[in-house]
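This report describes one protein model for a reader who has the sequence and coordinates at hand. Please keep both in view while reading.

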Amino acid sequence: MAAVFVLVILISFTERQITYWYDNETLFQHASEVADSDVAHLNLGLELQRRNQRSAALTEYAIAWRMNPKSVLVNANIAGILAEENKPEKAAVYYDLVIKENNWLPYAFQNYGRVLVTLKRYDEAMKQFSAAAKIDPTKALPHVLMGKLWLQQGRDAEAVKELLTALKLEPGNLDVMILAASLLAASEDPSVRDKTQAYALASEAVKLTDHRSPAALDVLAMSYAEQGKFDDAIQTQQQAIKLANENNNMKDDIELLQKRLESYQKHQPWRESSKAPE
């Protein structure tokens, strides 16, 4: 009888505990009630954010921050939500706290750099991207971000260097391949242009996309024009325009593709600058 009584009590206790494991939110909510710690509130905030409940997540992060204002993860997550809500100035305040304590979380430096670009604090942004690259030298993304920032400032030579470094780390990155090829084929800076390397990258991009990507064909046409092979450039560009017309998401790009075709028909290579307006 005593054993049966104990078993009934244990079953009842187990059933109550199982309710706490119903899902992550329930589990972390229970954890924050039982052990009121910054980690518990951080985990609950992460689960709420995963469910796109940003306001509730921010509340949990705020509680965690009061408990541990130096927490790298808490500050990074608060900053991330503020950036998503288009509040870059406030996000930068929390990212400043992150980098004071952080030498191991590269994505925080990357995201801080993005916020600083939004604020047009370009030199500081470059430092954050560079720091991310040093923390994890195996990742391509910091180099991509640096390359795009150099481009925005009209510094094509530095941009190409970073993009090619990114490709060495991530050889199959199609977007980077196309961007690097376009610079090598059409940069306004003659010291940047390299028709052989542009053609190699563009050809690889077309091969990877099975000749079905307007963007890859477009940059291949650029590389043909840079080599003086204007008949090939015209034919390739016409194919790019045809595919773009079939793609509803590229209607806005057709005018630019057409301008490039007209340039090749005049036996002129394409030249462009990615520098952002002042």
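## Basis of the analysis

The model is predicted, so local features require pLDDT of at least 70 and side-chain atom pairs count only at pLDDT 80 or more, whereas totals for chains, interfaces and linings use all residues. Residues are numbered from 1 along each chain as its sequence is written, and side-chain values rest on heavy atoms, with hydrogens and water left out.

## Overall fold

The secondary structure consists of 15 helices and 0 strands; these elements are DSSP runs (helices H or I of at least four residues, strands E of at least two), numbered from the N terminus. The protein has 278 residues, of which 41% count as buried. Buried denotes under 20% relative accessible area, exposed over 50%, and partly exposed the range in between (1.4 Å probe, protein chains only).

The accessible surface amounts to about 15600 Å², and 53% of this area belongs to carbon and sulfur atoms. Areas were computed by the Shrake-Rupley method with a 1.4 Å probe; for residues, only the protein chains shown count as cover. Among contacts with a separation of 6 or more, 46% join residues 24 or more positions apart, a contact being heavy atoms within 4.5 Å.

## Nonpolar core

In soluble globular proteins, nonpolar side chains tend to be buried together. A nonpolar core is here a set of buried Ala, Val, Leu, Ile, Met, Phe, Trp, Tyr and Cys residues joined through side-chain atoms within 4.5 Å. The largest such core contains 75 residues, and Tyr95, Phe129, Leu201, Met222 and Tyr264 touch the most other members. Helix H11 (residues 174-186) supplies the largest share of this core, 9 residues.

Beyond its neighbours within four places in sequence, Tyr264 is in contact with Ala221, Met222, Ala225, Phe230, Ala233, Ile234, Gln237 and Trp270. Elsewhere, Ala64 belongs to helix H4 (residues 54-67). Ala64 has a relative accessible area of 0% and is therefore buried. With the same exclusion of neighbours within four places, Ala64 is in contact with Asp38, His41, Leu42 and Val74.

## Helix H9

Helix H9 (residues 141-152) has 12 residues, which at 1.5 Å a residue should span 16 Å; its end C-alpha atoms are 16 Å apart, in agreement. The expected span is 1.5 Å times one less than the number of residues.

This helix is mostly covered, with 9 of its 12 residues buried. Among them are His143, Met146 and Trp150. The buried residues of H9 pack against H7, helix H8 (122-135), helix H10 (156-169) and H11. Gly154, with a positive phi near 75 degrees, follows H9.

## Salt bridges

Side chains of opposite charge can pair when their charged atoms come close. A salt bridge is defined as a side-chain nitrogen of Lys or Arg within 4 Å of a carboxyl oxygen of Asp or Glu, and the count comes to 13.

Asp218 and Arg260 form one of these, their closest N and O atoms being 2.3 Å apart. Asp218 lies in helix H13 and Arg260 in helix H15 (residues 254-265), so this pair ties together parts that are 42 residues apart in sequence. Both Asp218 and Arg260 are buried. Salt bridges with shared partners also join Glu47, Arg50 and Arg51 into one network.

A further bridge joins Arg212 and Glu246 (3.7 Å, N to O). It links distant parts of the chain: Arg212 is in the loop between helix H12 (195-208) and helix H13 (214-226), and Glu246 is in helix H14 (residues 230-246), 34 residues apart. Arg212 is exposed at 53% relative accessibility, and Glu246 is partly exposed at 47%.

## Surface patch and backbone

Leu73, Trp104 and Tyr107 make a nonpolar surface patch of about 280 Å². Patches comprise residues with over 30% relative accessible area and no salt bridge, like charges being joined within 9 Å and nonpolar side chains (Val, Leu, Ile, Met, Phe, Trp, Tyr) within 5 Å. Trp104 is located in the loop between helix H6 (88-101) and helix H7 (106-118), and its relative accessibility of 45% makes it partly exposed.

Most residues other than glycine have a negative phi. Asp210, which is not a glycine, has a positive phi of about 55 degrees. Asp210 lies in the loop between H12 and H13 and is exposed, at 57% relative accessibility. His267, also a residue other than glycine, has a positive phi near 60 degrees and is placed in the segment after H15.
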